[in-house]
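Here's a quick briefing to read with the model open beside you.

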Amino acid sequence: MSPRRLLVILAVLGIMILAGCTGGISDTGTDGAAATTAAGADPTATDSTAGPAPEGELSVHLLNVGQGSSTLIIGPEDETILIDTGDWRDDGEDVIAYLEANDVTRIDHLVTTHPDADHIGGHAAVIEHFETNAEGVGAVYDPGIASSSATYERYLDAVEEYDVTLYRTQAGDSIQMSGVETQILAPPEGYLAGDDSNENSIVLHLQFGDSSFLLPGDGEAESEEYLVETYGDRLNATVLVAGHHGSQSSTSEEFLDTVSPQAAVISSAYDSQYGHPHEEVLERLATQSIPTYWTATHGTIRFTSNGSAVTVATQQDAPTIATELRMGDAIEPGSETALTERYVIQADGSGTAPLTDPETTTDSADEPTETGDTALDVVEINADADGDDAENLNDEYVTFENSGSEALDLSGWELADAADHTYTVPEGTVLDAGARITVYTGSGTNTEAELYWGQSNPVWNNNGDTVILRDDSGTTVIEETY
């Protein structure tokens with residue numbers, strides 16, 4: 001190893017390389033690492049339940065890079081974080097193409113979760129491309145675990161050649177992105193498992209309004225144990241990226257219980273030489289009824305959050321029941337197939353609903369996104385009628401709103417409670433975009449905004465119940481417990 005290379009690696013392993021951190025972390029810790037919180041601090045320091053809803057949108061893109069990983073994050077003010085760059089054999093080609101197709105002209109923050117070649121394979125090419133053909137790379141964040149691979153050498157060469165700021169990054173650090181709380185939860189100071197590179201992956205937690213994302217790199221058993229012991233229920237996330245490409249060594253039952261995600265994503269090749277994702281992980285996800293997306297069958301997956309709901313778009317429709325993922329057709333890495341919005345996840349935990357007309361919401365690099373989506377929300381549940389519920393049945397009701405931008409035909413849809421009382425919406429019931437419709441328990445004359453169940457007894461339990469709405473194919477669109 002050359003003296004120059006040794007000095008560069010020591011700089012990564014030691015304090016940090018300072019070169020003017022554009023858009024970097026605001027404060028400097030005592031060891032020189034850029035940090036705003038102490039190690040082990042609350043990853044959700046912002047109280048997402050208080051104050052006004054956030055402005056703009058946060059989008060998280062899980063790129064289909066085969067047996068590797070790459071995640072693009074675009075904040076509400078178009079700041080960018082790129083986490084990993086895929087496998088060395090692609091040399092960043094597909095990642096760069098996707099970034100260009102999405103009009104990304106600058107990488108504000110490039111995160112190296114760990115030095116494996118299927119995660120940093122495109123680092124050198126990405127740095128060179130953005131430094132020579134675009135607006136540059138603001139800073140690079142590295143856990144400080146070195147590798148002797150040629151891929152890692154090329155990555156450090158690019159950092160040095162283009163004088164990019166390089167931070168040694170550990171638990172307690174925070175990447176500054178306007179409107180988004182971005183906390184580094186791991187690795188801890190002193191490292192885990194004898195400096196194992198997977199176990200010391202950089203782990204990020206993003207909080208945007210009520211929505212949150214947990215991205216654990218290739219962290220395995222010891223990393224997950226550290227996270228659970230250190231942060232507990234604060235790990236809760238709307239969306240979890242499964243650790244280590246869905247390996248059985250990650251995404252443990254205890255970890256899933258603690259994170260309690262409403263959706264999970266696995267990034268690996270369709271014919272992974274390692275058998276990823278492993279069946280043990282798929283069973284754990286299926287047992288907890290967590291909708292799961294796989295880059296190998298869904299293609300690139302984009303989550304777009306407005307702070308209260310997360311819209312899921314994929315290149316290809318495929319099963320989301322974890323144990324059925326392999327029933328989907330493979331999609332090639334780098335495919336230019338347009339993304340289509342398919343589901344909406346409520347960030348408050350009230351459930352996931354499919355978009356009923358996904359064909360109207362496709363987009364591509366060459367065509368503007370059409371906002372013709374349809375989504376239905378529960379806006380009011382009045383279970384406790386004034387006086388005697390049985391004598392005031394029309395003061396017991398549920399109100400729905402079409403929060404999409406197109407009319408929604410509810411004909412034949414079925415409303416039910418936990419006790420399986422059911423009501424079928426009459427034919428010809430169409431709810432315009434932005435309109436509301438109320439289903440009353442008692443009797444009356446149906447109108448465009450009012451439907452009557454015709455029950456002779458109360459339906460909704462005052463002490464708690466579940467509102468279930470199924471479309472005319474029997475698919476559960478809403479399942480909200482109060």
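A patch of negative charge sits on the surface, gathering D195, D196, E222, E225, E229, E253, E254 and D257. Two elements, α5 (221-231) and α6 (253-259), each give two or more residues to that negative patch. Keep in mind that this is a predicted model, where local features need pLDDT of at least 70 and side-chain atom pairs count only at pLDDT 80 or more, while totals for chains, interfaces and linings use all residues. Numbering starts from 1 along each chain as its sequence is written, and side-chain values use heavy atoms, leaving out hydrogens and water.

**Negative patch**
- E225, one of the patch residues, has its place in helix α5.
- Patch members have over 30% relative accessible area and no salt bridge, with like charges joined within 9 Å.
- A salt bridge here is a side-chain nitrogen of Lys or Arg within 4 Å of a carboxyl oxygen of Asp or Glu, and accessible areas come from the Shrake-Rupley method with a 1.4 Å probe.
- Asp and Glu count as negative, and the place of a charge is taken as CG of Asp or CD of Glu.

**Seven-stranded sheet**
- Seven strands make an open sheet with mixed pairing, running β8-β9-β10-β11-β12-β13-β14 (strands are DSSP E runs of at least two residues, helices H or I runs of at least four; two strands pair if DSSP finds at least two bridges between them).
- The edges belong to β8 (174-177) and β14 (292-294); each has a single partner strand, so one side of each is left without a neighbour in the sheet.
- From one strand to the next, the twist averages 15 degrees (axes are lines fitted to C-alpha atoms, and angles run from 0 to 180 degrees between N-to-C directions).
- β8 pairs with β9 (residues 180-186) in the antiparallel sense over four bridges, and M177 stands opposite V180 in β9.

**Four-stranded sheet**
- Another open sheet has four strands in the order β23-β22-β27-β28, and its pairing is antiparallel.
- At its edges stand β23 (422-424) and β28 (476-481), each with a single partner strand, so one side of each lacks a neighbour in the sheet.
- Twist in this sheet averages 15 degrees from one strand to the next.
- β27 (residues 466-470) pairs with β28 over five bridges in the antiparallel sense, with I468 opposite E479 in β28.

- The A186 to P187 peptide bond is cis, with omega near 5 degrees; P187 lies in the loop between β9 and β10 (203-208).
- The H276 to P277 bond is also cis, with omega near -5 degrees, and P277 lies in the loop between β13 (263-266) and α7 (279-287).
- D84 has a positive phi near 65 degrees despite being a residue other than glycine; look for D84 in the loop between β4 (80-83) and α2 (93-101).

Note on methods: Patch = residues over 30% accessible without salt bridge, like charges linked within 9 Å, V, L, I, M, F, W, Y side chains within 5 Å.
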